[in-house]
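Subject: Handing over the two-chain model

Dear colleague,

I am passing the structure below on to you, and I would be grateful if you could look through it before reading my notes. The notes follow directly after it.

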Amino acid sequence: MSSIRKGFFVDLDRCIKCHACEIACRIWNGINVPSYRTIIEIENGAYPFVERTNVSIACMHCEEAYCMAACPAKAIYKREDGVVLVDSEKCVGCRLCSWVCPFGAPKYGPDLKMQKCTFCNDRPDWMPRACEEACPTGAIVTGTIDYLEKVIKERKAKRIISQIRGRRALLYILP
Amino acid sequence: MEVPEKLKGARVSRCVCGVCPFRCSIEAYVKDGKLIYTRGNPENPNTMGKRCVKGFASIWFAYDNDRLKYPLMRVGERGEGKFKRISWDEAFTIIAEKLKEIKEKYGPEAVVSLDHVQGCTWHYKCFLYYIYGTPNIYDHTAACDGTFTTACKVIFGSFWGIEDYVNSKYILIWGKEPFEAPRIVGFLQGLMEAKDKGAKLVVVNPRLSKTAEKADEWIPIRPGTDGAMALAMAKTIIDEGLYDEDFVENYCYGFDEFRKHLDEKGYTPEWAEGITGVPASTIRRIAREFATTKPAVSSAYHGFACYTNAFDAMRAVLLLNVLTGNVDKPGGFLLTGTPEGLEPQLKPPFRVPEDKIAKISKPSLREALGFHLAPDFPTALLPKVILEGNPYPVKAIILSQVNPIMSDANTKLWIEAFKALEFAVAIDIYLSETAMYCDIVLPDACYFERYDIIQGFNHAPMILYSEPALPPPGEAKPIYEIVKGIAEKMGYGEYFNWKSEEDWMRNMIEGLPFTLEDLKKKGFWIGQPEYKKYEKGLKTPTGKIEVYSVLMEVSGFNPLPEYKPPSVIPDEKYPFRLISARMPFQSNVVTQNIPMLADIESENWAEINSRDAEKYGIKNGDYIVIESPIDSITVKAKVTGGIVPGVIAVVHGFGFGHWGMGKVAKGRGAHINRLIDTYVDPVSGTVAYNECKVRVRKA
């Protein structure tokens with residue numbers, strides 16, 4: 001059965017931590033919103049045998065989203081295509097979602113309500129998401145899970161976490 | 001196709017990005033008078049719809065309240081930052097009178113102009129050169145590409161070289177950062193694609209830079225010694241018979257002299273190991289791999305060029321391409337432009353009749369100080385020229401979107417020099433540190449607020465077109481309007497009475513195989529790339545690729561590349577070498593007032609090897625004091641295994657520590673150029689930013 005569920009694939013072999021995804025995201029979603037993406041760098045080893053890995057994370061639109069389950073106001077919901085969204089009318093700003101999210105995706109604006117990646121829900125399907133459109137190295141790929149599985153196979157990548165606490169969560173992969 | 005609500009009804013303009021000098025063609029979407037979205041021009045091969053993080057963020061220029069909006073006249077002391085608003089008419093009158101006065105008193109060459117090569121300086125340069133008559137018009141070459149362009153000129157007779165990453169199988173990069181200092185995004189994508197196809201990427205760099213992180217092999221090297229490794233590689237390739245015999249026989253001049261020279265000097269891998277810290281076996285292996293994998297490319301750029309010995313090192317690195325026949329072929333080092341510049345050459349925007357062109361009576365400072373081969377005057381030497389009046393008095397400076405007090409070495413000396421000037425004008429979009437030392441400050445348009453025609457950086461000849469997406473803020477004017485205003489007051493209005501900007505743009509592309517309408521349609525024009533240009537003869541004195549450089553010989557330099565140690569060597573008192581590096585999300589001194597970028601890293605940091613840090617009791621995140629023989633700074637430490645011991649790298653050391661520019665930029669991070677004394681490369685005039693020894697302690 002083909003899936004209409006959508007998601008992100010981040011190729012750690014390509015991410016150079018340039019922050020283009022973050023800035024493009026902020027420009028598209030409003031210059032004054034907090035940044036929806038978290039970009040980190042991990043260093044391993046000692047000189048001269050040192051390696052660094054860069055990771056750019058936003059909301060992973062988990063199959064079973066903890067934030068949804070945790071939200072007392074039922075402000076977080078899942079669209080048919082798997083995209084997790086928040087209804088700011090309902091959000092009470094309690095931040096329980098940030099306690100349970102494994103990726104630090106929930107962010108809070110000046111109104112103290114939760115905001116996060118909307119999978120650029122105001123962009124039509126033919127248009128890449130703002131982060132993917134901006135990524136100069138092709139490290140961020142978005143699309144249906146079937147499509148992402150194909151890309152992963154092509155790039156001979158392997159998944160590092162597909163299960164988080166027993167639930168299928170994300171498609172981060174390590175080369 | 002469905003258009004997102006946000007972009008419905010938006011007007012699309014094609015502009016050329018001016019955040020760095022590498023000229024990406026972009027599309028800017030304006031709706032209800034607001035710039036809401038930009039992307040790279042999807043049809044342009046250099047951008048392919050992408051642009052870099054700095055370019056995206058520069059959308060802020062349209063929103064920034066710290067932009068200059070009115071002409072200003074200084075009322076306080078130089079540097080105090082006290083100005084009063086004046087009218088354009090007053091500003092033009094003052095500048096015209098002052099320029100006339102200085103010309104009468106000291107001659108036109110007493111006026112020096114500095115600009116940034118990001119474009120739109122044609123009227124300005126042509127006015128100062130053809131009409132006013134000063135030969136001293138300089139750009140930022142000496143702070144950037146001077147070593148590279150001069151090496152391209154003496155070896156290949158070309159202006160520029162482009163690494164054809166996408167088709168290459170072995171990519172050797174020295175002190176050049178496609179990922180850390182992203183310039184043309186298309187090249188970056190090409191490099192990733194090459195890696196996908198199995199190309200090997202080897203990075204020679206004292207730091208584990210973003211490019212080195214992605215490399216198959218990082219070769220940590222002592223800073224400033226790359227020339228030794230490149231020469232030892234050349235010797236290995238020749239000694240082991242791995243060079244392209246046919247290529248050097250038919251298309252190169254002086255190969256036998258080079259071979260003899262390498263033998264006489266004894267440039268063996270063992271010799272290089274002692275200098276570079278790279279094992280001889282590694283040097284030999286890389287040399288063999290490079291020579292036997294085809295096509296391959298070896299290239300270096302600015303980080304590598306920050307030493308007084310960098311010119312010969314650059315030649316040695318580029319000669320590796322020559323020895324292995326990887327020149328102007330797919331996957332190799334592609335040549336572009338003539339020694340005079342990129343192709344096709346543009347014509348001046350206005351024509352001055354032969355008999356009215358100003359006579360240049362004195363040599364330019366560049367020639368007068370003996371930099372005959374350099375493409376540009378080493379601007380780092382300008383403060384000394386101003387203060388000593390040698391070889392002749394320099395009394396006025398005109399700046400167009402440059403900030404030498406921040407971006408050039410030896411901040412204190414620059415400030416002293418500005419204080420000694422009779423007259424200084426800054427044309428800029430912010431009240432930069434240097435503008436604070438000027439008498440008149442004029443508000444400029446930024447890159448999406450003006451028309452322009454400029455060459456692009458590609459193997460094929462390329463011309464780019466830029467149109468305004470928005471009007472400039474307040475009373476700000478594009479630079480061509482500013483030059484027109486000054487020229488009119490000086491009695492030269494006849495050259496500037498265009499009816500619309502199209503008139504002068506048509507003048508610029510006269511004789512070229514396309515029309516202005518063609519340019520407007522796509523935003524650019526691109527010709528056919530030409531490979532193997534050496535078969536038809538190059539623009540060097542011998543017409544061949546010059547391994548032995550005739551130009552160098554007649555200019556009194558060694559025609560063959562040799563290794564010399566850097567000028568400054570760390571010692572007991574100052575045991576570290578200070579180098580500067582880049583962060584991908586800041587561009588020179590241009591982007592620091594953008595809040596989105598300030599959110600990423602609010603200040604810059606100093607990288608120090610974990611072993612060195614342990615010795616000094618420095619922990620990650622501690623503030624440290626870095627002292628050079630001339631000044632000191634305080635900066636946050638980042639302890640890492642990704643740097644050669646004995647080296648401290650301050651990341652983006654001249655874009656932080658602003659005390660002017662704007663609210664966001666001010667007072668964040670440390671400015672390292674105040675630590676660096678004035679050193680320049682004797683051949684290319686490039687500023688040797690890394691010739692600096694320092695000591696550190698916990699703050």
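Before the helix pairs come up, one definition is needed: axes are lines fitted to C-alpha atoms, for helices over the stretch in contact, and the angles run from 0 to 180 degrees between N-to-C directions. Please also keep in mind throughout that this is a predicted model.

With that in hand, I begin with helix α11 of chain B, residues 280-292, and with helix α10 of chain B, residues 269-276, whose axes come within 8 Å and cross at roughly 120 degrees. Angles of 65 to 115 degrees would count as roughly perpendicular and those over 145 as roughly antiparallel, so α10(B) is oblique to α11(B). The crossing of α10(B) with α11(B) is right-handed, and the contact is made by B:P269, B:E270, B:A272 and B:E273 on the side of α10(B) and by B:A280, B:I283 and B:R284 on the side of α11(B). Sorted by class, this contact has four nonpolar residues, no polar ones and three charged ones.

The helix α11(B) also meets helix α7 of chain B, residues 226-239, and here the axes come within 9 Å and cross at roughly 60 degrees. These two helices, α7(B) and α11(B), are therefore oblique to each other as well, and their crossing is right-handed. From α7(B) the residues B:M229, B:A232, B:M233, B:T236 and B:I237 take part, and they meet B:I283, B:R284, B:I286, B:A287, B:F290 and B:A291 in α11(B). By class, the contact of α7(B) with α11(B) has nine nonpolar residues, one polar and one charged.

Turning to the strands of chain B, seven of them form an open sheet of mixed pairing, in the order β5-β4-β17-β16-β15-β6-β7. At the edges stand β5 (83-85) and β7 (137-138) of chain B, each with a single partner strand, so one side of each is left without a neighbour in the sheet. Within this sheet, strand β15 (residues 396-400) and strand β16 (residues 423-428) of chain B pair in the parallel sense over five bridges, and B:I398 has B:V425 in β16(B) as its bridge partner. Helix α2 of chain B, residues 88-106, lies across β6 (111-115), β15, β16 and β17 (440-443) of chain B, and runs at about 130 degrees to β17(B).

Chain B also holds a barrel, in which six strands close in the order β22-β26-β23-β25-β24-β27 with mixed pairing, and in which the twist averages 45 degrees from one strand to the next. One of its pairs is formed by strand β23 (residues 605-609) and strand β26 (residues 647-651) of chain B, which are antiparallel and share three bridges; there B:A606 stands opposite B:V650 in β26(B).

How many residues does each chain bring to the contact between them? Chain A gives 29 residues and chain B gives 34 residues. On the side of chain A that touches chain B, the elements α1 (20-29), β2 (38-46), β3 (49-57) and α4 (130-134) of chain A each supply at least two residues, and α1(A) has the largest share with five residues. By class, that side of chain A has 16 nonpolar, five polar and eight charged residues.

Two of those elements, β2(A) and β3(A), run antiparallel and are joined by nine bridges. A hairpin links β2(A) to β3(A) through two residues, and A:A46 stands opposite A:F49 in β3(A).

Finally, some backbone details deserve a look, given that most residues other than glycine have a negative phi, and most peptide bonds are trans. The peptide bond between B:E343 and B:P344 is cis, with omega about -15 degrees, and B:P344 is placed in the loop between β14 (333-336) and α13 (365-368) of chain B. The bond from B:N390 to B:P391 is likewise cis, with omega near 10 degrees, and B:P391 lies in the loop between α14 (382-388) and β15 of chain B. In chain A, the residue A:C120 has a positive phi, near 45 degrees, and sits in the loop between β7 (114-115) and α4 of chain A.

With kind regards

Definitions and conventions. Residues are numbered from 1 along each chain as its sequence is written. Chains are lettered from A and ligands numbered from 1 in the order in which they are written. This is a predicted model: local features need pLDDT of at least 70, side-chain atom pairs count only at pLDDT 80 or more; totals for chains, interfaces and linings use all residues. Two residues are in contact if their C-beta atoms, placed from the backbone, lie within 7 Å. Helices (H or I, at least four residues) and strands (E, at least two) are DSSP runs, numbered from the N terminus. Ala, Val, Leu, Ile, Met, Phe, Trp, Tyr, Cys and Pro count as nonpolar, Asp, Glu, Lys and Arg as charged, and the others, Gly among them, as polar. Angles under 35 degrees count as roughly parallel, over 145 as roughly antiparallel, 65 to 115 as roughly perpendicular and the rest as oblique. A crossing is left-handed if the near helix is turned anticlockwise from the far one by less than a right angle, and right-handed if clockwise. Two strands pair if DSSP finds at least two bridges between them.
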